Amino acid sequence: HSNVHTPGTPFLSEFTKHLEHFVKYKISTDPKWQNLTIVFSGPNVPGEGEHKIMQFIREQKAREDYNPNLRHCIMGQDGDLMMFLE
């Protein structure tokens, strides 16, 4: 298939560029986006998406203002399923 969705392919490189532009545009023009914290970890950052999300959650849990009642369930499109219920 010509639209291979893997890091390093022309399709994903172009998609990433457009997604970064979209996020910057929304933050600068949409009031609903201006008070959000957006974390973008694209294909130029090594690792599977689920693992990068898990690392982000671990870092958030170390903060003093973290809500210990939060629960997370992460499912990847490739069939991986991770549950983080500490």
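The count of aromatic pairs comes to 2, where rings of Phe, Tyr and Trp (its six-membered ring) pair if their centres lie within 6.5 Å. Planes under 30 degrees apart count as stacked, over 60 as edge-to-face and the rest as tilted. The rings of Phe11 and Phe15 have centres 6.4 Å apart and planes at 10°, so this pair is stacked. The model is predicted: local features need pLDDT of at least 70, side-chain atom pairs count only at pLDDT 80 or more, and totals for chains, interfaces and linings use all residues. Residues are numbered from 1 along each chain as its sequence is written, and side-chain values use heavy atoms, with hydrogens and water left out.

**Aromatic pairs**

- Phe11 and Phe15 are 4 residues apart in helix H1, separated by about one helical turn; helices (H or I, at least four residues) and strands (E, at least two) are DSSP runs, numbered from the N terminus.
- An α-helix has 3.6 residues a turn, so residues three or four places apart point the same way.
- Phe11 is partly exposed at a relative accessible area of 28%, and Phe15 is also partly exposed, at 44%; buried means under 20% relative accessible area, exposed over 50%, and partly exposed in between (1.4 Å probe, protein chains only).
- Phe22 and Trp33 have ring centres 5.8 Å apart and planes at 90°, so their pair is edge-to-face.
- Because Phe22 lies in helix H1 and Trp33 in the loop between H1 and H2, this pair ties together parts that are 11 residues apart in sequence.
- Phe22 is partly exposed, with 40% relative accessible area, and Trp33 is partly exposed at 22%.

**Nonpolar surface patch**

- Ile27, Leu36, Ile38 and Phe40 make a nonpolar surface patch of about 320 Å².
- Patches are made of residues with over 30% relative accessible area and no salt bridge; like charges are joined within 9 Å, nonpolar side chains (Val, Leu, Ile, Met, Phe, Trp, Tyr) within 5 Å.
- A salt bridge is a side-chain nitrogen of Lys or Arg within 4 Å of a carboxyl oxygen of Asp or Glu.
- Phe40 sits in the loop between helix H1 (10–29) and helix H2 (49–61) and is partly exposed, at 35% relative accessibility.

**Helix H2**

- H2 has 13 residues and spans 18 Å from first to last C-alpha, close to the 18 Å expected at 1.5 Å a residue; the expected span is 1.5 Å times one less than the number of residues.
- The buried residues in H2 include Glu50, Lys52, Met54 and Ile57.

**Separation in sequence and in space**

- Gly8, in the segment before H1, is exposed at 72% relative accessibility.
- Gly8 and Asn44 are 36 residues apart in sequence, with their C-alpha atoms 8.3 Å apart.
- Val45 belongs to the loop between H1 and H2 and is partly exposed, at 36% relative accessibility.
- From Val45 to Pro7 the C-alpha distance is 9.6 Å, at a sequence separation of 38 residues.

**The chain as a whole**

- The protein chain has 2 helices and 2 strands, in the pattern α-α-β-β along the sequence.
- Of its 86 residues, 20% are buried.
- Among contacts (heavy atoms within 4.5 Å) with a separation of 6 or more, 28% are between residues 24 or more positions apart.
- The accessible surface of the chain is about 7100 Å², and 57% of this belongs to carbon and sulfur atoms; areas come from the Shrake-Rupley method with a 1.4 Å probe, and for residues only the protein chains shown count as cover.
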